[in-house]
Amino acid sequence: MTIMNVKVTFWRVLFVVIMIVGLYSTYVRYLHGLGAVSNMNDQFPWGLWIGFDCLCGIMLAAGGFCITGAVYIFHVERLHCIVRPTILTAFLGYLLFIVGLLFDLGRPWFIWHQMIYINLHSVMFEVGTCVMVYTTVLLLEFVPNVLERFNLVGPIRWVKKIYPVLVCLGILLSTLHQSSLGSLFLIFPEKMHAFWYTPALPFFFFLSAIACGLAMTIFESTLSSRVFGRGLERSVITELGGALYVVLWVIALLRVQDYMHRKVYMDIFKPSYESYFLWAELTLAFVIPLFMLSFKKVRTNSNLLYIASLSTLLGFVTNRLNVAMTSMETWVGHHYLPSFTEVSITLMICAMGFFLFNMAVRFLPIFEDEHAAAHVEPAIQIGEVPQHSLVN
Amino acid sequence: MSKGILYDATLCIGCKQCESACAQQNELPYDEKVAAESVQTDHKFTTVLTKDDKFMRRLCQHCEHPACASACPVGAFHKTADGPVVYDVWKCIGCRYCMMACAFSQPKYEWGKLNPRVRKCIMCPDRVSAGKATACAEACPTGATKFGDHDALIAEAKDRIKQNPANYVDHIYGLNEVGGTSVLLLSAIPFEQFGLPKIDRVGDVALPEYTGRVMNLMPDFIPLWGLVLGGVYWVTNRRKEVEEVEAEEKAMRGGK
Ligand code: SF4
Ligand code: SF4
């Protein structure tokens, strides 16, 4: 118990340190401007905050639409028990994305201009609008947790009625903005290295979001089962592992086909600054997880599955950072490395994510397993048979 | 009639009068220190580069299909009928997508400011709409920077190369690059030696087309994908309902 206590204290100390450093950087950011806080400059107008906080943040929050889609649209009922934590992750992911944006935008106080000065040609406009609407959708998907906590039966019934619509809308919006994050880069073909610039970029961004949505769900279920000491739904994550295996193969084959089609496959094996990064990306995102997941033993072992999903996540994070930064370094002629303060703000945002997840799990019925929920619901009279399965 | 600028490096003497006039026109500081700076920044919209005895002027190309304008989520950039690509600071949210999108890296940012603006050459829109030449063209003592009707300038540039093929690289930079630009450049030595993007690298396709291809799919894609999702939901839901009813009936029959 004492060991447990010490452990908890360590994480708390770390959290406090990260927050203090992050708040200092926040102070610098809003008092002295972007130049003082970051290593971004006219040659590298986009840095870590766009590359990681935005591109990766949105990708890692993709579990929300994958799992709700599987459960409510395709009626894969077995996945019910992980819907709530995935929606929570997605909701927090998008909220923190917006927080990240408030740091990155030069004039964050005009962020609402997005809603009144509309440029339909702009991919950025599309991404912004979809993210805005989807965050609202996620809020509505998440809100039953809060309502349930306070036994507000009326509104729950209302939300449940529109739940299928919300889920459909969520998938539609996610398809659009997950892929459009890739389209953002289509407008500068001249700047990017051939390894990463492909007309199929939106397609790959969408597929990698699905892979990461699955990997993130495995990662987070395993992690929270350890932290919160709750039983792990083995069969569920095994199934997700299988799905991840298939999705990774699809992406890998399409990547190969894309490289063949654009005739850059020979360069991949030539050592160069870019190819080192590409190798790192491909190893983490494909070689390791595909090798591991091909064994049934791995797919049924939660520890190994955890490692495989972690590798996938790191791989696709590397991929997005490569797209956003590495691919442009040769064009620009020098390297970009985020500054200490830039990193500290990113760390602060991540720490906030863990903190909020923890709080939500403590105070809201996130991990109510299906049986418990099935019993609870009639007790608070949400009644009606087809509905009871909706918001578990 | 759309206007343009023709800069002929072979006529340039590197006096930097255009830089100074530009600074004055845009109320930017200009002294010897600024004059010595060879990179464009938030306080230097145009710069005259020197390589041995050759010169090259860099400024916003004022593209016919500006990537910056297409990229901006709030439409802070637009190309006027006269030719200049101008910037409405009051719309800008500071996402810096314009800076990423521009193939010529022209938009620069006020990194040190708290309410930063994007800054670049805007081709003196007030002067141009009043029928005057840009400040830089007016200041140029040799006619290296020439302001005029876009079409006439193209014809003139072609003619100059034809008259003196030995003096020029056989290329009008900006005639076809990224779908054509209002600013045309002529030079005696390859343009990339001055940091301009390689001709084959930028290509002749208007950059907004690359994103446009995807964005144009949206009006078809959204209803279609929505319909598919709704359809799948309807089918699976129906199947579930039928199963439930069947199970119930079975149970009832079993009860009898
Ligand atoms: S050169 Fe760059 S900033 Fe100037 S109009 Fe073209 S895209 Fe816009
Ligand atoms: S920085 Fe301003 S002008 Fe540039 S794309 Fe963003 S909103 Fe538009």
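What follows is a chat about the interfaces in this predicted model.

Visitor: What should I keep in mind about the numbering and the model?

Guide: Residues count from 1 along each chain as its sequence is written, and chains are lettered from A in the order in which they are written. In this predicted model local features need pLDDT of at least 70, side-chain atom pairs count only at pLDDT 80 or more, and totals for chains, interfaces and linings use all residues, while side-chain values use heavy atoms, with hydrogens and water left out.

Visitor: What makes residues of chain A and chain B count as in contact, and how many do?

Guide: Contact means heavy atoms within 4.5 Å. By that rule 59 residues of chain A are in contact with 55 residues of chain B.

Visitor: Why give an area for an interface?

Guide: The accessible area lost when the parts come together is often used to state an interface's size. Buried area here is what two parts lose on being put together (1.4 Å probe, summed over both). Chains A and B bury about 4,900 Å² between them, 63% of it on carbon and sulfur atoms. Asp42(A), Arg107(A) and Ile187(A) supply 16% of the area that chain A buries against chain B, more than any other three residues.

Visitor: Why is the pair Lys240(B) and Glu77(A) called a salt bridge?

Guide: The term needs a side-chain nitrogen of Lys or Arg within 4 Å of a carboxyl oxygen of Asp or Glu. Lys240(B) and Glu77(A) meet at 3.8 Å, N to O, so the pair qualifies.

Visitor: Which domains does chain A have, and where do their bounds come from?

Guide: The bounds come from an automatic or database domain assignment. Domain 1 of chain A is 48-184 + 353-392 and domain 2 is 189-336. Their C-alpha centres lie 23 Å apart.

Visitor: How much area is buried between domain 1 and domain 2 of chain A?

Guide: About 2,600 Å², of which carbon and sulfur atoms give 77%. On the domain 1 side, Met59(A), Leu60(A) and Phe367(A) lose the most area to domain 2, together 21% of what that side buries. Between these domains 32 residues of domain 1 are in contact with 29 residues of domain 2.

Visitor: How do you know that Glu239(A) and Arg78(A) form a salt bridge?

Guide: Their side chains meet at 2.5 Å, N to O. That is within the salt-bridge cut-off, so the name applies. The count between domain 1 and domain 2 of chain A is one salt bridge.
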